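Trainee: I am new to this structure. Could we go through the labels used for it and ask what each one rests on?

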Amino acid sequence: MTITDVPCDNAWFAAPFAPWLAPSRQITMGPVRQAQDRPDHDATMTQRPARLRPSSWRALLLVGAVLSISRCVLARSSPADSTNADFFETRVRPIFAEHCYKCHSSRAEKLKGGLRLDDRDAFAKGGESGPEIVPGHPENSRLIEAIGYQNPDLQMPPKTRLPPDQVADLSRWVATGAVWPVRLAQGGPGTTSAGQQPRAAQAPAGVAFDLQARRAAHWAWQPIRRVQPPAVVHGDWPRGPIDPFILARLEQQGLTPAADCDRRTIIRRASFVITGLPATPQDVEAFVADDAPDAFAKVVDRLLASPRFGEHWARHWMDLVRYSDTLGNEADASIPNAWQYRDYVIRAFNADIPYDQFVTEHIAGDLLGHPRRDPDCRSNESIIGTGFFWMNEGKRSPVDVRQAEADCFDNKIDVLCKTFLGLTVSCARCHDHKFDAITQRDYYALYGYLKSSRYTQALLNRAELDAHADELSAIRERLRGAAAAVLADRAASLSSYLMASGAQAGPADDRLSPQRIAQWRNSLHAVSDVGHPMYPWVKMASLGAGVSQEAAATQWRGIAGQVTKREAEATASQRREGDIELAQFGDASSGFGGWFVEDQAFGPAPCRPGDFLAGDSPRHPIQTLFRDGAWAHSGYLSRRLQGTLRSPTVTLDHRYLHVFAAGRQARVNVNIEHFVMIQSPLYESLRWVVNDDGARWHTFDLGMWKGCRAYIEFADTTTPDLHDTAPAGIGADGYVAVSRAVLSDRNDPPPRIGLPGGSIVTGIQRIDSLQSLADAYQRVAVESLQALETGELSARPDAEARASYLSWLIENGLLDPLPGAKEDTQRLETIFNDRRDAESRRPEPERAPATIDGTAEDEHVFIRGNHANPGPLAPRRLPEAIAGDSQPPAPATGSGRLDLARRLLDPSDPFVPRVMVNRVWYHVFGRGIVPTVDNFGALGEPPTHPELLDFLATRFVEEKWSVKKLIREMVLSRTFAMSSAGRGEADSVDPDNRLFHRMPVRRLEAESIRDEILQVSGRIDLRMYGPGVEVFLTPEMQAYVEAYGKPAHGGPLDGAGRRSVYLTVRRNFLTPMLVAFDAPPPLSTVGRRTVSNVPAQALTMMNDPFVAEQAGVWARSVLAMPGLSEEACIRRMYVEAFARPPSAAELSDVLTFLDEHGKELGVPPDRRASDPRLWADVAHVLMNLKEFIFIH
Amino acid sequence: MHCRRFLSAPISRRQMLAQSAGGFGAVALAAMLATEQRSSAAPAPFAPHLPHFPARARNVIFLYMEGGVSHVDTFDPKPLLDKENGQPFKMKAEPTQFNNNGNTLASPWKFRRYGQSGIPVSELFPHVAKCVDSLSIIRSMTSGFSEHAAANYFLHTGTGQQGRPSMGSWAAYGLGSIGQDLPAFIVLNSGKMPIGGPDNFNSGFLPATYQGSIFRGGATAVANVAPLEPRPRLQLDKLKLMRRLDADASPTGEDRQVESAIANYEMAFRMQSAVPDVMSLAGESAATQELYGIGSATPMTRAYAESCLRARRLIERGVRFVELTVPVYPGDPDTWDAHGNLRKNHEANSLAVDQPIAALLTDLKSRGLLDETLVVWASEFGRTPFAQGSDGRDHNPFGFTIWMAGGGTKPGNIYGATDEYGYKAVENKCEIYDLHATMLHLLGIDHKRLTYRWGGRDMRLTDVHGEILTGVLA
């Protein structure tokens, strides 16, 4: 290290590293020879400061800068450093000017990254990412990294790499201390630096962002006011509390509301608005004939009570959460069981679940103490709501998995905030919101909730399966007692056999079984390791019969010493330096030591040494005992149970993960940065399919993902991952057992030295003969089995050694029934029968995509939205402008989503009720009170009737968030009853109908058009729920290759007659007819659909085989009605399609058509009334009428 | 009553333009965002709009080389690869899609200089090489994504995520259509639907009016364009009744939406004949067919030749933006995606497109159309200069080649450069945003002013990015 005295002002950059120095002189760390003397830049750049090796130069800069910048920059350039100053002026500043000033100077059209290279002090401060250089250390300087073009995320100038000589000059400049002479003309040095924070953590420099001012200036942030309906002139017009609000505004403009529409119009309108289907002829005629004053109210109540209501309004909701059955992108992989979410929404609307409950379930349905249960099947409804988080596009095999996570979370935040809050929070991903009172910190505060949550396929019928597991658990306890008792009986002759196995001659006791003796001999023959439980016996027996007591005692002491030594080795081997043990089940006082367990298979706690694994028959009632530490075992009750075990989230600071596990048909995944689509290329190595009963190490090489956050998932379930390519070898009745998971820098797994089993006898005081040792072995066996019987064995401190001993006996068949022995096994028979019976009654697990808690984590603000450039931490909370700046911190464990939901629904948050009543209003009246239903922010449109909005929001909350009551109130208003007919004067005063002076004419939504066709034709199949009907593959869709997600078999042309809400939504294979009529791509929240008018719509109605087919079905169904004349047929069809009879002109037009078209088709006049082809054409024409697809 | 709206005879181009300029055709295609746009007085969105400034190009033909053409094997020769062939790659390799990086891999093909410009082209493109004096080659393109689907979306929509408007949709939104019996944005499917699916061509949050219509080969090129009725008269009967009943039900002019929907049938009806007409190559001379390679013995070449010739016919009829997907040989959907066996892959794919592309350029030029037609040849990314395994190349978004021709681009031009291995762009580095900005610029559109409000923002094809590549402008 060279230490050179440098005049203060030229070395001010170095000051942060030397805050302890006197203010008048500075020492530059690192080589500060004159640049011209040092042509060898590489050498310069690779040297490091000797005195201080900062692990985080940023942090030091921060501290140092505050301490010393203000003092040292006051000095001026001295002649002694003129060479450096010249270098800056002649070589450095020109480069800045030529390549950088366009974006990084006062004359930049838009200052990029908050960084200026034309001002000494501003440069010292740095940009949004902090200081750009560390004087003397080009290798630690962002500026040099950027011009070096080695980091793809950080390359400057952005378009063209600097020539090598300029790169060298800048590196040299930094290496030699980054001298930047002060120009007196700049207005005096140092005047701006004092007290400045070196790093701007908040808004980008130059952008004025005043949260409170923005909050105060915009209507939507203001509390909901309690308002009364206004006074009106025409007091006889209003029918309910909504109407005065509408009428008052009209009267202000000198307008009157439109006349009431006729009954046929309003029942068709109400039917489509509430159920998405046309009114049936019977309902129309009944209503028309009903003179009761509440005739319409009865219709509305009937429609609201119809299951069709939930189907229709669920579809509205699905637009908000970008519902899809697949992930799109390259492979369009399935989201398994996504349809459960669709059904959940349908049920929720039909049951009129209070909206606040519905919101809570979406955000935190998995965390409710008492989840809502389906009244019929008692399955968990609440948790299904959280599935909406997972309906985002899923990238296959991302090269940058953190970027993929950031993009995916961005979509989730966007959907969350638009759907529930009507706010575009995701605009604040890269910077504070341009228009709204939303900071970038607000965005990353929400990010933390997602980061602390995980994907799962939640078990819906958990209660049922819990009960089943309890039953199996009880059977296992019965088995424990019975089996241990039987084995203890069998161990009663252990000592004799042990002695007999060592005898040279024949058995001393002819009642002993020669076979069993041979079995003992063979088993003991294999014993050689000092750790073996029988090692003391084998060693003692090897002395032979005639040994002296003294020699035996010496031998015994030797054996005991060996065992003790092995004990110490085994204990020491448990930890390897530098390794991180992730699974410490044995150390956990209870449960799984911070791991996350789902479903029943793993039970309430890991299996500890000394616990048992059930056998399969009275002959082998116990398969073995757990040893070598505690095991999380998903088959300990039954292989039929399913379960998932996930580790806490950890940072991958080590390259390797070693897992010690056994299993069958199970898998172990490493999920990195929430990426769960484990498949090739790139990700297949993150899955291990376990198919080996012998436990072994498996090593994951995680070198590609160093520094990422990850968790390990052990899954014993057929539930697929978040895509449908379930790996081969995974089955329903497998298990997985794991005892260790170790992060390590070494690619070899940690050594495993087991505790010596011989300690069960070496601690015994007096062993003076083989017989006494044999007796000891028998005593230990019997005692241990008795302890197992009472469930105390695993609590014993020597449980490990005892388990290893008993396991050896059991696994070698030494506790099998003796040949010819008579045992009473009735009790065991019964238990095993009960067990088989219980296993066969396992309820089928029902699952749905859902969210569950993982490790609690906050995220940093990503500067300019770049995940590689983290800024300050943004603790989890709601946006400040909604819930204030002193929100209680998120809980230390778990995601805190339940808290989030409660804050969203706090009465102080005006958004949730306003946004929802506005959505409902939009669907009922065709236009929102706030027309931009997903954006209540500054770029949205303001409410046309703000008082009405607040009135409805207040009422909504008071009426316990009942959506049905809200709709009922709206539909029964007089406003809803207005005619849609054009009104010359009113239309010119209020051309956009913003004041609702009449009912707008609306085109039906895509799904309603298709459903209407099916209903009118009679083909409709009103079955509800279940997996979606596969999309029909048109010739265009057939052209797509299967590898990219095309379903192997397309569905039927008519979608099996099911309502459109039950058609599978495949992102890459959307139903063309629905797309043509503006069904939105499942991208983000779409609260208001586009209504377009494109030729594809006309072509669909004219030429699509589906429409033509249904026209034929309709014609045949009408012709099949007995005794209808031509005219009656036409009337019937008109009522079915339009809820009204045809006019005389219409009737005559159709009759003329029958005549002319019949001739053209060659239909004889007498067959005209019954020719299906001719009538199919009539039906087809009626379906093509505009009235068919518009609501008046 | 004669139904005058359904014309059974094709109308002339002049008639069409007259109609579209202010008349019924434009109204027919108006997208309606509920009713609140009624007073906005904006011109009907599908009618031809005036550009922001004089346009250099009237139409775009986008030759999409899906899968990722290897630039170092086609238009960006790198002698250093020959020199270091088989040696460990000397630059630091970024993460790749397959993480199976091999050694430096020389190009199996030789390069020669062509034309007056002397631009080198490899032997994979002998026909295009002869047109090299018309090309403006950008050797420094970059993308933000290493994965097909994301990179495809990025190239098409300026976003690496699904569901945003395609560049053709933006062009249609900005400029409308010229003809009124065909959509403004047409995708000619030569065989391969790209990875990521139809969302490469969707209108996203823009009205569906601007969605790319995917045409297949043959008479039923468009979904539902073929009438169900075996004879035109039978359909006309039905349409006539429809017209009458619509009129009976709602007096003309009562509701603009309903009127528009009625009028929409007019265009649909015309498309029924216009589409088969434009897709049919029967009227093309034998010489023209020969030029394109219609008679080629290779089915892939034939398929692409037909697409190229149809592209010309479409722009002649005023279609604003035509995109061509690549053909595919049966059983191998990988197109240019040569993760292994680079030689076989690139030879098959270049054989398919080389002659048809050269013919398209030649044909456009000879008809005087190249000046007003911007032809763009581009992949979603390039390929690595080092091998994947032993004989493939992995995806490389850090530097690759695309080219443009006609439409106001500078002919015989090379712009930008990659490093000496062809790994990363180092000179005049371009982004996809810049490509989009430049394409819009040539169409007379300021990319910063072509916006659509959605999700609380004024969305742009170029997001907050994009610089016009002045170096490729004539």
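**Labels and what they rest on**

Mentor: Start where two chains meet: Lys1186(A) lies over the face of Tyr265(B), at 4.2 Å from the ring centre. Keep in mind that this is a predicted model.

Trainee: What makes Lys1186(A) count as lying over the face of Tyr265(B)?

Mentor: The distance part of the rule asks for NZ of Lys within 6 Å of the ring centre. Lys1186(A) is at 4.2 Å from the centre of the Tyr265(B) ring. The rule also asks for a position within 35 degrees of the ring normal.

Trainee: Which ring does the charged end of Arg347(A) sit over?

Mentor: The ring of Tyr1025(A), at 5.7 Å from its centre. For Arg, the atom that must be within 6 Å is CZ.

Trainee: Why is the pair of Phe245(A) and Phe951(A) called tilted?

Mentor: Take the distance, then the angle. Ring centres must lie within 6.5 Å, and here they are 5.1 Å apart. Planes under 30 degrees apart are stacked and those over 60 are edge-to-face; the angle here is 45°, so the pair is tilted.

Trainee: What does the pair of Phe245(A) and Phe951(A) tie together?

Mentor: Phe245(A) is in helix α8 (residues 242-252) of chain A, and Phe951(A) is in helix α29 (residues 946-958) of chain A. The pair therefore ties together parts that are 706 residues apart in sequence.

Trainee: Why is the pair of Phe125(B) and Trp377(B) called edge-to-face?

Mentor: The planes of Phe125(B) and Trp377(B) are 90° apart, and over 60 counts as edge-to-face. Their centres are 5.8 Å apart, which is within 6.5 Å, so they pair. Phe125(B) lies in the loop between β4 (119-122) and α4 (126-130) of chain B, while Trp377(B) lies in strand β9 (residues 373-378) of chain B. The pair ties together parts that are 252 residues apart in sequence. At 0% relative accessibility, Phe125(B) is buried. Trp377(B) is buried as well, at 1%.

Trainee: How many aromatic pairs are there over all chains?

Mentor: The structure holds 70 of them.

Trainee: What makes strand β11 of chain A mostly covered?

Mentor: In β11(A) (residues 656-672), 15 of the 17 residues are buried.

Trainee: How do you know which strands pair with β11(A)?

Mentor: Two strands pair if there are at least two bridges between them. Asn669(A) has Arg687(A) as its bridge partner in β12(A). Strand β14 (residues 735-744) of chain A pairs with β11(A) over nine bridges, also antiparallel. Strand β13 (residues 709-716) of chain A makes six antiparallel bridges with β11(A). One of the bridges links Ile672(A) to Ala710(A).

Trainee: What makes β2(B) and strand β10 of chain B a pair?

Mentor: Two bridges join β2(B) to β10(B) (residues 382-388), and at least two are needed, so they pair. Asn101(B) has Gln388(B) as its bridge partner in β10(B).

Trainee: Why are β2 and β11 of chain B called edge strands?

Mentor: In chain B, an open antiparallel sheet of three strands has the order β2-β10-β11. β2 (101-104) and β11 (392-396) of chain B each pair on one side only.

Key
Residues are numbered from 1 along each chain as its sequence is written. Chains are lettered from A and ligands numbered from 1 in the order in which they are written. This is a predicted model: local features need pLDDT of at least 70, side-chain atom pairs count only at pLDDT 80 or more; totals for chains, interfaces and linings use all residues. Side-chain values use heavy atoms; hydrogens and water are left out. Helices (H or I, at least four residues) and strands (E, at least two) are DSSP runs, numbered from the N terminus. Rings of Phe, Tyr and Trp (its six-membered ring) pair if their centres lie within 6.5 Å; planes under 30 degrees apart count as stacked, over 60 as edge-to-face and the rest as tilted. Buried means under 20% relative accessible area, exposed over 50%, partly exposed in between (1.4 Å probe, protein chains only).
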